Amino acid sequence: QVQLAESGGGSVQAGGSLSLSCAASGRIYATYCMGWFRQAPGKEREGVALIYTGGSSTYYADSVQGRYTISRGNAKNTFNLQMNSLKPEDTAMYFCAASRSRAYGGSWCVFRNYDDYYWGQGTQVTVSS
């Protein structure tokens, strides 16, 4: 079992920046996919960004490409999401996710089904216009 603890988020005006962090613990594979999904009220959960822990590969949703950056934190099994140029449509609950399966390369890190991940509790991001 893997536990995920999120921090960060909050409220900001459009054009501003926020950052999220996630720390993974428990039975973690040597290499796996880690990242963030989000869910706005009345909408399905969608992938935002993923990173392959065994290398530098990253994967982004088109809607956040160029504005969001996912990276490793300083501590082992910690990851950050830097969100810049935020828009009101970025408002959502953001969830940290870690793949249940081991990843064997960056190409494994694409957005998969809900059951393919362990999940954090979520942290709210609100962007006002």
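**Close-up views of a predicted model**

**View 1. L18 stands opposite M83 in strand 8.** The model shown here is predicted, and for that reason local features are described where pLDDT is at least 70 and side-chain atom pairs count only at pLDDT 80 or more, while totals for chains, interfaces and linings use all residues. Residues are numbered from 1 along each chain as its sequence is written, and side-chain values use heavy atoms, with hydrogens and water left out. Strands are DSSP runs of E with at least two residues, numbered from the N terminus, and two of them pair if DSSP finds at least two bridges between them. Strand 3 and strand 8 (residues 78–83) run antiparallel and are joined by six bridges.

**View 2. Strand 7 and strand 8 form a hairpin.** Five bridges join strand 7 (residues 68–72) to strand 8, and the two run antiparallel. I70 has L81 in strand 8 as its bridge partner. Five residues lie between the two strands, and in this turn N77 has a positive phi of about 60 degrees.

**View 3. C22 and C96 form one of the two disulfides in the structure.** A disulfide is a pair of cysteine sulfur atoms within 2.5 Å, and the sulfur atoms of C22 and C96 are 1.9 Å apart. The link of C22 and C96 is left-handed, with -85 degrees about the S-S bond. Because C22 lies in strand 3 (residues 18–26) and C96 in strand 9 (residues 92–99), the pair ties together parts that are 74 residues apart in sequence. C22 and C96 are buried, a word that stands for under 20% relative accessible area, whereas exposed stands for over 50% and partly exposed for values in between (1.4 Å probe, protein chains only).

**View 4. A disulfide also joins C33 to C109.** The distance from S to S is 2.1 Å, and the torsion about the S-S bond is about -90 degrees, so this disulfide is left-handed. C33 in strand 4 (residues 33–39) is linked to C109 in the loop between strand 9 and strand 10 (117–119), 76 residues apart. Both C33 and C109 are buried. With the bonded cysteines of the chain numbered in sequence order, the pairing reads 1-3, 2-4.

**View 5. The largest nonpolar core has 30 residues.** Such a core is a set of buried Ala, Val, Leu, Ile, Met, Phe, Trp, Tyr and Cys residues joined through side-chain atoms within 4.5 Å. The residues with the most contacts inside this core are L4, M34, W36, Y68, L81, M83 and Y94. Elements that give two or more residues to it include strand 1 (2–8), strand 5 (46–52) and strand 11 (123–128). Leaving aside residues up to four places away in sequence, L4 touches C22, M34, C96 and W119, among others, where contact means heavy atoms within 4.5 Å.

**View 6. One cavity of 30 Å³ or more is counted.** On a 1 Å grid over the protein atoms alone, a cavity is a set of points where a 1.4 Å probe fits but cannot get out, and lining residues have an atom within 4 Å of a point. Grid points are joined across faces, edges and corners, and a volume is the space filled by probe spheres set on the points. The largest cavity holds about 50 Å³ of space, and the residues that line it are V2, R27, I28, Y29, Y32, A98, S99, R100 and Y118.

How values were computed: Helices (H or I, at least four residues) and strands (E, at least two) are DSSP runs, numbered from the N terminus. On a 1 Å grid over the protein atoms alone, a cavity is a set of points where a 1.4 Å probe fits but cannot get out, and a pocket is an open set with protein on both sides within 12 Å along at least five of seven lines; lining residues have an atom within 4 Å of a point.
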